[in-house]
Amino acid sequence: YEEETLRFFYIRRKDFWKVIGISFAAYVMVFIQAFFLIYFLTGIWTPSGAIVTHVFSGISSFMLLPASLGSLEMLEGVAFQALGLSLSLAVTFSFVWRALRLLICLGGGGLFLWMMRNSGREKFREFKKLHLHEKPENS
């Protein structure tokens with residue numbers, strides 16, 4: 001497995017650059033979400049605010065609290081006050097941010113289940129044939 005991992009990170013591989021591109025696109029989308037969320041909450045166009053809030057939301061995930069209780073709200077409060085915005089907007093931002101993350105996770109889970117439904121049906125048929133003593137089709 002080590003050789004496969006090292007071969008993946010070879011700079012001339014197309015798969016390597018695809019993954020880099022997908023990761024970059026994911027970070028850009030998160031930045032755009034933060035930018036528009038701040039705009040809809042405050043009415044101010046601030047790209048620097050989106051960068052600051054995105055960085056502080058990333059830092060909040062490093063807190064060693066159970067399930068990061070309150071760490072996002074606390075750090076977003078610091079970021080919003082540094083930007084000259086109110087603490088209530090920071091709490092609103094963090095709640096909406098968490099709701100967006102939850103919706104994205106639920107959407108991804110639903111998409112995964114939708115994509116795997118046919119594969120699961122085939123595996124269940126194979127399992128049923130093997131374990132419920134059905135006669136195989138070839139005999």
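**Entry 1: ground rules.** I number residues from 1 along each chain as its sequence is written. The model is predicted, so local features need pLDDT of at least 70 and side-chain atom pairs count only at pLDDT 80 or more, while totals for chains, interfaces and linings use all residues; side-chain values use heavy atoms, with hydrogens and water left out.

**Entry 2: the chain.** I looked up the elements and found 5 helices and 0 strands. Helices (H or I, at least four residues) and strands (E, at least two) are DSSP runs, numbered from the N terminus. Along the sequence the pattern reads α-α-α-α-α. I then looked up burial: 19% of the 139 residues are buried. Buried means under 20% relative accessible area, exposed over 50%, and partly exposed in between, with a 1.4 Å probe and protein chains only. For contacts (heavy atoms within 4.5 Å), I took pairs at least 6 apart in sequence, and 36% of these join residues at least 24 apart.

**Entry 3: α2 against α3.** Helix α2 covers residues 14–42 and helix α3 covers residues 47–60. They pack at an angle of about 115 degrees, with axes 8 Å apart. The axes are lines fitted to C-alpha atoms, for helices over the stretch in contact, and angles run from 0 to 180 degrees between N-to-C directions. The crossing of α2 past α3 is right-handed. A crossing is right-handed if the near helix is turned clockwise from the far one by less than a right angle, and left-handed if anticlockwise. On the α2 side I listed Y27, V30, F31, A34, F35 and I38, and on the α3 side P47, G49, A50, I51, T53 and H54. This contact has 9 nonpolar residues, 3 polar and no charged. Ala, Val, Leu, Ile, Met, Phe, Trp, Tyr, Cys and Pro count as nonpolar, Asp, Glu, Lys and Arg as charged, and the others, Gly among them, as polar.

**Entry 4: α3 against α4.** Here the angle is about 150 degrees and the axes are 9 Å apart. The two helices are therefore roughly antiparallel, a label for angles over 145 degrees. Their crossing is right-handed. V52, T53, F56, S57, I59 and S60 of α3 meet S71, L72, L75, E76, V78, A79 and F80 of α4. I sorted the residues of this contact into 8 nonpolar, 4 polar and 1 charged.

**Entry 5: the core.** A nonpolar core is a set of buried Ala, Val, Leu, Ile, Met, Phe, Trp, Tyr and Cys residues joined through side-chain atoms within 4.5 Å. The largest one has 13 residues, and A34, F80, F93 and W97 have the most contacts inside it. Two or more residues come from each of α2, α4 (71–82) and α5 (87–131). The most come from α2, which gives 5 residues.

Entry 6: S57 sits in α3 and is buried, at 11% relative accessible area. The contacts of S57 are L72, E76 and W97. R101 lies in α5 and counts as partly exposed at 27%. R101 is in contact with V30 and Q33. The C-alpha atoms of R101 and V30 are 9.9 Å apart, although the residues are 71 apart along the chain.

Terms used
Parallel < 35°, antiparallel > 145°, perpendicular 65-115°, else oblique. Lists of a residue's contacts leave out its neighbours within four places in sequence.
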